[in-house]
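User: I would like to go through some labels given to residues here and see what each one rests on.

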Amino acid sequence: MQRRLDAPPGSDDASDDQGLFRVERIEISGFGSWIGGETYLELPPPLTPLTNDTGATDILDFSGNVPQPAGPNSSVIAPTKKVEPGWQAGFGATFYLTPNFGISLTGAYGQQEAVFTGQVQRIEEEPDPNVPGGVIEVEVVDPRSEIDRTTITTWSGTAGIIYHILPERKYSTRPFVTLGIGGILNQFPDTDDVSALTWNAGLGVGFPVYKNFRGFVSTALRFYVWETEEVALNQSLVFPEISAGIVWRYFVPEDEVEDEELLPPAESPAEPTGG
């Protein structure tokens, strides 16, 4: 191997190290997803008026107010809040260091419905059977019903790794696995937003579409902790996702060898001349 005149000692080793981390391929993707729902608040009804049960705590509706569905003498007991299934759409970029292993960055925007249900407890006046013309107050508890609902806007981002299980030269359709960490912001229209650190794990399959375009379908699980401030309750949630998308691939060309100034060939020793 020949070396440039101005190349420092050990430069060959340095170039070899850089080759280990060279990006071989870049993939830009667009995708859409269905996202499953989860219950993030579920409190039991209070046992008696004297108990210090969390079910007796006032839970706010999605306007930030204490709900009174049946008037001033009513309240909500056994409250439940959940996020219904929704959708998201996003883009991603993956940088492959080997034909099968890559580092991915994704961002997504979506919407889901949040629903507040509970049992309405109210006080009604009825005639007193023991006192003519008198009335008594009776506590009435209705079956569970919807109290309020709103639309949540979600913003999420993930950094992770992807690994294709089979070699592409032999299999055009290949399964893959993913693992990542990220963050999510759930934006409520009238109350405080909820943000969290997320963990993501999934698997899928990619298949050829046309030239440098490929398609994929995948399923994943998103894990994070939802903090509910009304009762200082942290709920661990798992949201399933089903996604489909398309990928455009760009193969990074290798560095071209430039014309270099080479060491001059060694001169042969002069032959002795005859006397």
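**Labels and their grounds**

Analyst: Ser-243 is found in strand S10, residues 233–251. Strands are DSSP runs of E with at least two residues, numbered from the N terminus. This is a predicted model, in which local features need pLDDT of at least 70 and side-chain atom pairs count only at pLDDT 80 or more, while totals for chains, interfaces and linings use all residues. Residues are numbered from 1 along each chain as its sequence is written, and side-chain values use heavy atoms, with hydrogens and water left out.

User: Why is Ser-243 called buried?

Analyst: Its relative accessible area is 9%. Buried means under 20%, exposed over 50%, and partly exposed in between (1.4 Å probe, protein chains only). Ser-243 is therefore buried.

User: What makes the link between the side chains of Ser-243 and Ser-33 a polar contact?

Analyst: The distance is 2.5 Å. A polar contact is a pair of N or O atoms within 3.5 Å; within protein, one must be able to donate a hydrogen and the other to accept it, and residues adjacent in sequence count only if both atoms are side-chain atoms.

User: Why does Ala-78 count as buried?

Analyst: Ala-78 has 1% relative accessibility, so it counts as buried. This residue lies in strand S3, residues 74–83.

Technical notes. Helix = DSSP H or I, 4+ residues; strand = E, 2+ residues; numbered from the N terminus.
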